[in-house]
Amino acid sequence: MAAHLYLIHNFGFDWYVAAMDSALSIVPLAAACWLIDNNLRYYQPGKGSYINLLIWCLVLAAACTAAVWWGLPYLNAGDTFGAFLRQSLILRFVTNFLAIGWMAMISLIWYVQQDQKENEKRKAEAEKLARDAELYNLRQQLQPHFLFNSLNSINALIGFKPDEARKMIHQLSDFLRGTLKKDDQQQVTLSEELQHLNLYLDIEKVRFGHRLQTEISCDDHCNKSMLPPLLLQPIVENAIKFGLYDTTGDVTISIRAEMDDNYLSIMVQNPYDPQTARPRHGTGFGIRGMERRLYLLFARNDLVETFQNDDIFTIMIRIPQA
Amino acid sequence: MKRVLIIDDEPLARMVVLEYLQPFNSQLQVMQECGDGFEGIKAIMQHQPDLVFLDVQMPKINGFEMLELVEQPPQVIFTTAFDEYAIKAFEAHAVDYLLKPFSRERFNKAVEKFLSQSGTAPAVKATEALLDSTSQSPAQHERIVVKTGTKVKIIPVHDVEYLAADDDYVSIHTAEGSFLKNKTMSFFEQTLDARQFARVHRSYIIRISEITRINPYEKDTHLAILKSGARIPVSKTGYVKLKQVLGI
């Protein structure tokens, strides 16, 4: 503005006229620059619409020049100034255009860069989350308690029932192989999932002897329904853990699957002792992990329900069918 | 002849110990096998064993909680699959610990260690020290196991209203009544979560969320009124501590 003022004054006009001229030129120019910067902050033109941006710059430059053209004659600064205004009009327009265009370019580059930075941050965060989840899964699959205790049972069986020891080694191998090859994206049929679950339950039955019984019932027509792999595993593990470690008597874990409209609905029940159950019961990581998984897959939070009445703990899971 | 008990909730795990003990049957006699801690307590009282093979993870009460309830704990060889907290404690104080599955050689070493130690080592002290160090394991922060007569009572920590010193015992007050436990006040001060409990007096620890009012009492002392109506004396230092916790 000071530069503009000095320039006009140098052409031989008095300070008052020069000041008004610079005000009328610079203020609309600043407004135009602000407008274009603000627009670019929230809306970034795609490759095809750079021409639109150019047109906008031209229009804004023209508007700024027009403000000077209509505004300055009100000063009544004499004919010399009028002639000067006419002569300098093209120059004023070009200067305005250059200034606005320059502003647009700077803004465009700045905001694109900012956006990129943010995107990268988000991506890194998502990757970290995925890694953490994977690590957790791995650790879960290893289940040191289960693995070492099973090996200990095999160790016992080798002594006096070698055939059963051999059978248990095969069950354990099949089970471990099953947990390793599962791809989270690929859904499996219910009968596949139950087959895998049965391997696990058979091993647990060898470990705990007569204390552990299971009841699995499944309607014929839901054998083919689909669910995410290893979804039931942590739930049944939980049921066994609470059933066996919360009570001292015999324990029956029941699993029931049926079709309910367009949902595969699965119910898992285990006995527990409401008097001594630890406060965390039912909200343990097993159930929360499953809820989270279902949320990520189906974007719904209402697929899992738990009930506790008398001394039976029940969990209901509904899986939408395509 | 030394008397031996095997306490483990998995039948096959007991079988391994039984089998490995065969060569020692001129020195060690297995009195009984137990499937959980309750049976274990009864059997220990009945047989007064010299050595117990004890699993940690068992129904209802774990191996440590069971030992806490026995007046004169015997010497212990732990058999467990995996417990990072417990292993630290074993290393310090148990006769030995066996990580499942264990070999016959490893088992023999543990038994020979017991046989060479017995009669010389102050067994009871070692087992008591073991229990103190296992109080760091997370299960011990969630519940307190007490004996009322012949019954075992498991008190979830969130049911505890306050604790009061009572001679050599600590009485644990809950909505259901009070229970005695053979421990010290400082033991509970250390193991209970300091965000939930405060030791407001030499003889009292209270649950902070139970407080409804704090009234001035005699000079420098206060009385905390709990939801249950109990009036608990608060010492001068206890009041300073309470003010810190409550942020007043």
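Trainee: What does the secondary structure of chain A come to?

Mentor: Chain A has 9 helices and 7 strands. Keep in mind that this is a predicted model.

Trainee: And what share of chain A counts as buried?

Mentor: Buried residues are 26% of its 322 residues. To be called buried, a residue needs 20 or more other C-beta atoms within 10 Å of its own. In chain B, buried residues make up 40% of 248, and that chain has 9 helices and 15 strands.

Trainee: How do you know how far along the sequence the contacts of chain A reach?

Mentor: Take the contacts between residues at least 6 apart in sequence: in chain A, 75% of them join residues at least 24 apart. For chain B, the corresponding share is 52%.

Trainee: Let's go to helices. Why are H7(A) and H8(A) called roughly parallel?

Mentor: Their axes cross at roughly 20°. Angles under 35 degrees count as roughly parallel, and H7(A) and H8(A) are therefore roughly parallel to each other. The two axes come within 11 Å, and H7(A) passes H8(A) in a right-handed crossing.

Trainee: Which residues make that contact between H7(A) and H8(A)?

Mentor: From H7(A) you have A:Leu197, A:Tyr200, A:Glu204 and A:Phe208, and from H8(A) come A:Gln233, A:Val236, A:Ile240 and A:Leu244. Sorted by class, the contact of H7(A) with H8(A) has 6 nonpolar, 1 polar and 1 charged. Tyr counts as nonpolar and Glu as charged.

Trainee: How many residues does each chain give to the contact between A and B?

Mentor: Chain A puts in 21 residues and chain B puts in 20. On the side of chain A, the elements giving two or more residues are helix H5 (144-160), helix H7 (190-208) and helix H8 (233-246). H5(A) gives the most, with 11 residues. The classes on this side of chain A are 9 nonpolar, 10 polar and 2 charged.

Trainee: Now chain B. How do you know that S13(B) and S14(B) pair?

Mentor: Two strands pair if DSSP finds at least two bridges between them. Here 5 bridges join S13(B) to strand S14 (residues 222-226) of chain B, and the two run antiparallel. One of the residues involved is B:Ile214, whose bridge partner in S14(B) is B:Ala224.

Trainee: What makes S13 and S15 of chain B edge strands?

Mentor: The open sheet has 3 strands in the order S13-S14-S15, with antiparallel pairing. Strand S13 (211-216) and strand S15 (231-234) each have a single partner strand, so one side of each has no neighbour in the sheet. From one strand to the next, the twist averages 25°.

Conventions:
Residues are numbered from 1 along each chain as its sequence is written. Chains are lettered from A and ligands numbered from 1 in the order in which they are written. This is a predicted model: local features need pLDDT of at least 70, side-chain atom pairs count only at pLDDT 80 or more; totals for chains, interfaces and linings use all residues. Two residues are in contact if their C-beta atoms, placed from the backbone, lie within 7 Å. Helices (H or I, at least four residues) and strands (E, at least two) are DSSP runs, numbered from the N terminus. A residue is buried if 20 or more other C-beta atoms lie within 10 Å of its own, exposed if 12 or fewer, and partly exposed in between; C-beta atoms are placed from the backbone. Axes are lines fitted to C-alpha atoms, for helices over the stretch in contact, and angles run from 0 to 180 degrees between N-to-C directions. Angles under 35 degrees count as roughly parallel, over 145 as roughly antiparallel, 65 to 115 as roughly perpendicular and the rest as oblique. A crossing is left-handed if the near helix is turned anticlockwise from the far one by less than a right angle, and right-handed if clockwise.
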